[in-house]
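The following questions and answers examine how two protein chains are put together. Please consult the sequence and the structure while reading.

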Amino acid sequence: MGGLQKKKYERGSATNYITRNKARKKLQLSLADFRRLCILKGIYPHEPKHKKKVNKGSTAPRTFYLLKDIRFLLHEPIVRKFREYKVFVRKLRKAYGKAEWTGVERLRDNKPGYKLDHIIKERYPTFIDALRDIDDALSMCFLFSTFARTGKCHVQTITLCRRLTVEWMNYVVASRSLQKVFISIKGIYYQADVLGQLITWLVPYQFAHDHPTDVDYRVMATFTEMYTTLFGFINFRLYQTLNLVYPPKLDSKAESELKAEHEEDYAMDSESYLEKLSALSASLARVVATAEEEENQLDQFPADGNMEAREKEQKEQEDQNRLFEGLKFFLNREVPRESLAFILRCFGAEVSWDKSLCIGGTYDVTDETITHQIVDRPDIDKQYINRYYIQPQWVFDSVNAKMCLPVEDYFLGVTLPPHLSPFVEEKDGDYVPPEKLKLMALQRGEKHGKIQEEEEEEDEDEDDDDDEEEDNDEEDEDLTEEKNLKKMEDQRSQGKVRLEQEEKAEEKRLAIMMMKKKEKYLYDKIMFGKKRTTREGRTAHNNSWNGVNGMVSNVVSMWLMPFH
Amino acid sequence: MAAVKRLKRVAALQPGFISFKSSAESDDLNSGRRKRVNKNKKKNWNKHSDIQDVEEFLDDVRLQERATGGLISEKPDDSLFFVDIGEQKKRVQPEVQERKKGKKSKSRPLRIDLILQHDSLVPPPKDVLAHQQPNAKKLRRIAENAEKLAAMGVLPRRQKRLLNRRPATKTSKAKTAANNFPDRPYYDLWGAEARETADPYYLEQTGKRRVKRPEKLNAKPSILPAVEVIAPGGSYNPDFFSHQVLLLEAHEVEVKREKAELRIERQLAVKREDTATEETVFQEQVEGLVEEEEDEDEEEEEDVSIRGGLQQEKKTEKERKRERADKIKSQQKQAARAFTDKKQQLFQLRSIQATLKRREQRTRERVAQRKANQEAEKSMPRRLGRLKFQAQDLEIQLSDEIPGSLRTLKPEGSVLKDRFKSMQKRNMIEPRERAKFKRRHKVKYVEKRAFKEIT
């Protein structure tokens, strides 16, 4: 019996973790400060695999942090600032208590503060890393900018958030990177493609709502503090890539246009610039003024098979970006101005609104060259002949469909088609709402061959009838596995491509015939399942068209399976 | 003798005391007893001469000189007395009044000044110290030299140093050290590459170089995306089926909750038969009060159980031998059976294979299941802390709440709460609830005296 005896909980996972209170004592900070520090530095608690071991035998629920993370925190210079702040508060309170007002002033002048720049640089060493994390920052900043300016959270934070969000929107407008919009009951979801990254963010509605009481405001404020810093730096860099001046300035021509007579009615001088920017109705000034926009010339690479496809894609993209180019819109008073102005400007349209609504309206309702007026009322008194009066959903649906939809469905007083979510990717065999099918048909019809256009139009017309089940069946057959084949056959009138496809189909049939019995058995099973779903989807279609509510639960329960 | 004299003197001094001798004589006796002093010596002039009356007179004179400015006897009559004629009728002279006023202010001095005038004959003493200056000559000489130099333009050394000193630049303190003011400037954070200013070892040792961030901290705590888009049924104008799907999900959540409530109620349920009726209540109350015959049958049953274990104590030789033989036989039997089993296993190969395959399949299934569980766990929120994660309610609007247009839309749910819960779901913060207000001591209610009288 030589050797040292090993004691329990002295090595291994028990020593790698540390509880929250112990960590706090090690750093000599209060709990609020410790939490703030962890949020700022991006240090999160961990759940160990074997709680009993780490907790030294007990199963009490505790928060654990990795010991190495806490040791890393010890080197942080902000920790010193927190302690200084604590001392400052104590001195201030004493001075107040003794009614030494000069002392109070002096202390206030020397209030300790800290900067987060080095933390941002440490957490996101490259610009692309930061861009990946911007979703969260965007949503938080948009959320905070909608808060009311009571004293509950610092008014400065709210103003800063507002400024940053306005800058971001101006950038998206200038770079034309908006891809998708979705109006939900929670808020408005946007998706933009910035420097190759798909960024999704949520903007709450402007009208006031109650603030829930069970949300920790201090935690949210700390997150916002970090995110505003990050966001500002990202904005700066993005403006640099577009060759725009940062902090953003309105283009000098545009600014002179915007000069209204009664500017003082809208905002104070200090805030009027921000308000003008937020109006999003004018373009931004560039660092190096260019007389004309230079077109980006693609480098000529040696002949590549995918070149054509890529070029085609680019052209499509550019076409999409110019969706509303040349159109002039006027927003009526009851529509959400900021959201619509943002979307319309992103795709190249000219927007204006009533002068009494907000600063920045360039033309009035009486302007004759207006092509579309966006109204949300059941009817409107005075109607001009050469413009369309449409409901705001037309804009959103057009953006999602990447083309200008027919205006007739969105006239005043017409029941709108449902607003579909662009964030849903339907797989083969899943239920596709009939509206989406119509949309796809529209898209196909406008893009390819004239011969097929008539057929497609006929299909559309027949869709409007409630009782045409056969056409529904035709469209539903497209959804089966042979959908691609038929699609190809229908669309391409060119013989070469059709021949290719026919060859492929032949090969496929041969392969199916040559399969072994077992494999064929499996294959049959899969096909059976798919066919069942499409059949159910078809019956669902029928029910939706016939409006039979009683069948809903049956049908839904039947095809809930593929959702799980 | 002295004591007797004293007594007599004291007695004589009492009022109403009639002595034998007359009072005059008693005085003479006393005065006769006085000691004789030699007034011819200068020493005794001061001690024993009485100049009180002269002193009084001189004091009086000095007082008069000090207070009233000279002897009163030498003052003229007008300054001391005035003739009281009576009230004089005031003559109205309007045009002269203004001039009178002016005259009053200029010519005639104020009465207060007159009262406070310095009117004693005794002049104030001269302050000798004011004229005394140490080294007056030297100081005068220095001042004259300094004047001459200043006239020539040469500054004394002190002034030269003051002028040479650098002006104190009032550094505006870094008030902008704060982080969040609205016009905060930003710069290119990722642009300029920091150069090494000095030897890296030196920087490390002196604590000037920042510690590198460990790689593990860059990993995201959860694979869920930051912003999760709501299901298509949550659109403000949803299409029928997606909305139904969302309603079904919410419905299932509600059903689960109801089931949980029902379960609790079921556990607490009591059978109707067990409820107390009047008879059972009466029975309970009466128990033990009424005496009954106790059974004596219980005692007999105890004896039987003790006897059973005591019979077999010793094993005989025979028994032991038999046991050994039995053991050997059973072992042999087992060995033989094992041998035949092994031989027969050859023919059982197929079924053995079948069982093996089944077992393998089971393990494979279990492995797959475990992996699927682990993957699912990655997207679930982890348990960090005392409270469990409570998912928020689905944001959903019922069929009759769906608005027809954007104008009539009422937003559902709070984005703030959604963001908070999303952060908890992604393991960035631990779930927290609002701190309850706990009282240290119980609240006591005391009636005021006035109320006590009423009630």
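Buried area is the accessible area (1.4 Å probe) that two parts lose on being put together, summed over both. The model is predicted, so local features need pLDDT of at least 70 and side-chain atom pairs count only at pLDDT 80 or more, whereas totals for chains, interfaces and linings use all residues. Residues are numbered from 1 along each chain as its sequence is written, chains are lettered from A and ligands numbered from 1 in the order in which they are written, and side-chain values use heavy atoms, with hydrogens and water left out.

Q: What area is buried between chain A and chain B?
A: Contact means heavy atoms within 4.5 Å. By this rule, chain A contributes 107 residues and chain B 74 residues. Carbon and sulfur atoms give 64% of the buried area, which is about 8100 Å².

Q: How many salt bridges does the rule find across the interface of chain A and chain B?
A: A salt bridge is a side-chain nitrogen of Lys or Arg within 4 Å of a carboxyl oxygen of Asp or Glu. The search of the whole structure finds 32 of them over all chains. Glu395(B) and Lys186(A) form a salt bridge at 3.5 Å, N to O. Across the interface of chain A and chain B, the number is 12.

Q: Which residue forms a salt bridge with Arg213(B)?
A: The closest N and O atoms of this pair are 3.1 Å apart, and the partner is Glu122(A). The pair crosses between chains, from the loop between α11 (200–205) and α12 (240–268) of chain B to helix α8 (residues 117–123) of chain A; helices (H or I, at least four residues) and strands (E, at least two) are DSSP runs, numbered from the N terminus.

Q: Is Arg132(A) buried or partly exposed?
A: Buried means under 20% relative accessible area, exposed over 50%, and partly exposed in between (1.4 Å probe, protein chains only). Arg132(A) forms a salt bridge with Asp129(A), with the closest N and O atoms 3.3 Å apart. Both residues lie in helix α9 (residues 127–132) of chain A, three residues apart, about one turn of the helix. Asp129(A), at 25%, is partly exposed, and Arg132(A), at 47%, is likewise partly exposed.

Q: Which residues are joined into one network by salt bridges that share partners?
A: In chain B, Lys378(B) forms a salt bridge with Glu375(B), the closest N and O atoms being 3.8 Å apart. Both lie in helix α16 (residues 349–379) of chain B, three residues apart. Salt bridges that share partners make one network of Lys41(A), Glu76(A), Glu122(A) and Arg213(B).

Q: Are α11(A) and α16(A) roughly parallel or roughly antiparallel to each other?
A: Axes are lines fitted to C-alpha atoms, for helices over the stretch in contact, and angles run from 0 to 180 degrees between N-to-C directions. The axes of helix α11 (residues 155–175) and helix α16 (residues 337–346) of chain A come within 8 Å and cross at roughly 30°. Angles under 35 degrees count as roughly parallel, over 145 as roughly antiparallel, 65 to 115 as roughly perpendicular and the rest as oblique. The two helices, α11(A) and α16(A), are therefore roughly parallel.

Q: What percentage of the 564 residues of chain A count as buried?
A: Chain A has 24 helices and nine strands. Of its 564 residues, the share that counts as buried is 46%.
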